[in-house]
Amino acid sequence: MSVSEPQIYDPRLRLCIHLSGVVQGVGFRPFVWRLAQELKVCGWVANTGAGLNAEIEGSSSRLECFLSRMRDEKPACAHVASESIERALPVGYSEFTIRDFGRETEERGKKTAWVSPDLATCKSCLEEMRDPNNRRYRYPFINCTQCGPRFTIIESLPYARERTTMKSFLQCKLCSSEFGDPTNRRFHAEPNACPTCGPTLSWWSAKGNLLSHGEDAFQAAVRALESGQIVAIKGIGGFHLMVDARNEAAVMELRRRKCREEKPFAVLFPNINFAKAACKVSDLEQETLQSQEGPIVILKALEQSVEIARAVAPGLPWVGAMLPSNPLHHLLMDALGFPLVATSGNLTEDPLCIDERDAILRLGDIADGFLVHNRPIARRADDSVVRIVCDRPLLYRMARGYAPMSRECRDTWGDRLAVGGHLKNTVALAAGKRIFLSSHIGDLHHVRATNAFEASVSDLTTLYGHELSQIACDAHPEYFSTGFAARQAKKSGTQVVYLQHHAAHIAACLVDNNIRPPVLGVAWDGSGDGGDGSVWGGEFVKFDGEGIHRVAHLRQFPMPGGEKAVREPRRLALSLLFSIGESSKGSRLGFTEAELSVLLRMIQQRINSPLTSSVGRLFDGVASLLGICQVARYEGQGAILLEAAAEPDMGANSYNFSLLNQDGICLIDWEPLVRDILADQERGEHISVISARFHSTLADMIVAVVKRIDEARVALSGGCFQNKLLTELTILRLRIAGFEPYWHRNLPPNDGNLAIGQLALAAFKDTGEFPCV
Ligand SMILES: [Zn+2]
Ligand SMILES: [Zn+2]
């Protein structure tokens, strides 16, 4: 009797895989290809409008191995939001290939693939760039599947070179062979380029005359920066204006030419050690600075440091620091060895310049020279801004590295567009279970910004080719975005829904923490339309089964001159003094006699003096009373200087305040607070102490109202919660009082979160269910 080997039944099968999420532009196809070669399975992989598709054929045991390794070893920058796997009969593939479906196929499906943000230069590319024997030695556009531009070069989806701004650069023989070689780390690196075939630098005069190319252009820019000149530099997502950050006169000159009197500039440091010589850097701050996203991180400046001119951040103890995150910045920093001011290449609040010819027109009077390149920027990406608050990064501006943001959600959000607010605008789109948020667009005051806004809307809707059922906007009738929503809705026959500003902030905070009502929201910011003729901004909004109600707010006070009072905090100080019968103390605010009497009459007779309950305006008023800021040179300067003045003291004694009841709504009366501040001032108390006590009182006000409303969970949102001291005090005291505070994680607390809040609020109103992520 012969004994045969036992046969293990291992049939040949086919897996049909679909992945969604950030799976394009992160090296996923080459990774799948290599894995397939290694495991000797056949089939294909391709990018589609909706993500990544693959069919893998082989023995059942190999396929299981393939799946588990695909999940475990996927590329570092990939983010798989959903995975669908079907098992099918084999069709007899004899090899493994990377397919390109081309335009016809992809346009049939919904385009919901996620665009990867731009990725900071990786270690391998940096090593090559610094290696004299490498063919990309000192090449400012080096990249690979793990790093380089993505979002800023993509013209349409799915992500492939012919649909990026790299399409006009024909790859040379060497680059082509890397691109086609699955074992190479540049296999299907769509922006692949080298000095022979890729983009090059040029040096232009302020008038736009071409002076030199390539390495000569780079050296000319270096010499200009060394001699204290201002250079406009085209980077990945737009222009920066750069100047020696140590050179007081040069930084002042940049301020003068840019008409930017006092708003702080960001600083690009050569490396982390330079940053540590100028600033206090915690482990988490260092990690954030060196992260793949590479944001500006707001750090505490060291007092004795000589590395940074005072004009960089006048009157502030902080520095917005960043490290090089693209090859050109690395080369510049290597060559210069000193920090540079790196501020957005724009005029005041205009959107960032991205085109070199446009830059000459707009920045020609500011820059002494232009270092440009010939790779077009398809969409702008500002630098992101982050601050560590309560031991985690809090976004102030969500842009390069973080945006566009996309999420695959558990719940359905409908098919709607949200157009955000007026300042720090962003726009968002819901497509069933997927949501997308644009990068920071800016303040919609000027036509350039509104053009950028319209481009972002069309970007979101056409990139994802979506039919909308509704457009959500802010209820403020004078916001550009609101008018746009109304016009757009009329044109397309879509419904438009108007949403209250502070309710949208709280909705955004719920989304950000993935929680549902009931919750008590604290929405504190500069201003938002209340829908009752007054300006809100110190609101407590309850979300529960019965809907959304304003349950408490700051006692109102007049804003003489409306918007003018926002730019002139001393007008608000006068209003506070008048409201408590102390207008005679208004003489210390630096008004002329005539101005004073006109303003007092305006306040008294309520002429062009809308009432406000805004905490941002209370900050302004107090900053003026303390003599810190009478006229603001940039948005929120009063509040920022007041926070800067505070001696951070978690145990500071609070001032008095009282809670009143007005028709069932809780009113926070700040009158005792203002009286206490005046008394402290008369006693000669130091500003740092008064400011600390003021912050402490605000945190106590929140806790007192929360106790009265008695809702376990508290969501904090609105621009006031960019204030680190206020936010940390509030969170600490809410916890001590037994409540559960929630604040922002992946969205900024300011108006940059309104678009997502509007999407959620509109869905909540529509279905009665608050959508979760
Ligand atoms: Zn790389
Ligand atoms: Zn090449």
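Reader: Where is D710 found in this predicted model?

Author: The model is predicted. D710 sits in the loop between helix 21 (687–709) and strand 31 (713–717).

Reader: Why is D710 called exposed?

Author: Exposed means over 50% relative accessible area. D710 has 57%, so D710 is exposed.

Reader: What is the phi of D710?

Author: Phi is about 55 degrees, a positive value, although D710 is not a glycine. Most residues other than glycine have a negative phi. C390 also has a positive phi, near 50 degrees. C390 is placed in the loop between strand 16 (385–389) and strand 17.

Reader: Which peptide bond ends at P404, and where does P404 lie?

Author: A cis peptide bond joins A403 and P404, with omega about 0 degrees. P404 lies in the loop between strand 17 (392–397) and strand 18 (405–408). The bond from P517 to P518 is cis too, with omega near 10 degrees. P518 belongs to the loop between helix 14 (501–513) and strand 24 (519–529). Most peptide bonds are trans.

Reader: What makes the arrangement around the zinc ion (ligand 1) tetrahedral?

Author: Four donors count as tetrahedral if all angles lie between 85 and 135 degrees. The four donor atoms here subtend angles of 104 to 117 degrees, so the arrangement is tetrahedral. The ideal tetrahedral angle is 109.5 degrees.

Reader: How do you know which residues are the protein donors of the zinc ion (ligand 1)?

Author: The cut-off for a donor atom is 2.8 Å from the metal. The SG atoms of C122, C125, C144 and C147 lie 2.3 Å from the zinc ion (ligand 1), so they qualify. Their spacing in sequence is C-x2-C-x18-C-x2-C. C125 lies in helix 4 (residues 123–129), and C147 in the loop between helix 4 and helix 5 (173–180), so the pair ties together parts 22 residues apart in sequence. Both C125 and C147 are buried.

Reader: Why is the arrangement around the zinc ion (ligand 2) called tetrahedral?

Author: Its four donor atoms subtend angles of 105 to 117 degrees. Those angles lie between 85 and 135 degrees, so the arrangement is tetrahedral. The protein donors are the SG atoms of C172, C175, C194 and C197, at 2.2 to 2.3 Å. Their sequence spacing is C-x2-C-x18-C-x2-C. Both C172 and C175 are buried.

Reader: Why is the pair of W33 and F187 called edge-to-face?

Author: Ring centres must lie within 6.5 Å, and planes over 60 degrees apart count as edge-to-face. W33 and F187 have centres 5.8 Å apart and planes at 65 degrees, so the pair is edge-to-face. W33 is in helix 1 (residues 28–39), and F187 is in the loop between helix 5 and strand 6 (201–205), 154 residues apart.

Reader: How do you know that W33 and F187 are buried?

Author: Buried means under 20% relative accessible area. W33 has 16%, so W33 is buried. F187 has 4%, so F187 is buried.

Reader: What lies over the face of W670?

Author: R555 does, at 4.5 Å from the ring centre. The charged end of R550 sits over the ring of W536, 3.7 Å from its centre.

Terms used: Residues are numbered from 1 along each chain as its sequence is written. Chains are lettered from A and ligands numbered from 1 in the order in which they are written. This is a predicted model: local features need pLDDT of at least 70, side-chain atom pairs count only at pLDDT 80 or more; totals for chains, interfaces and linings use all residues. Side-chain values use heavy atoms; hydrogens and water are left out. Donors are N, O and S atoms within 2.8 Å of the metal (3.2 Å for Na, K and Ca); water is not among the atoms, so sites may look incomplete. Four donors count as tetrahedral if all angles lie between 85 and 135 degrees; four count as square planar and six as octahedral if opposite donors are over 155 degrees apart and all others between 65 and 115; anything else is irregular. Buried means under 20% relative accessible area, exposed over 50%, partly exposed in between (1.4 Å probe, protein chains only). Helices (H or I, at least four residues) and strands (E, at least two) are DSSP runs, numbered from the N terminus. Rings of Phe, Tyr and Trp (its six-membered ring) pair if their centres lie within 6.5 Å; planes under 30 degrees apart count as stacked, over 60 as edge-to-face and the rest as tilted. A charge sits over a ring if NZ of Lys or CZ of Arg is within 6 Å of the ring centre and within 35 degrees of the ring normal.
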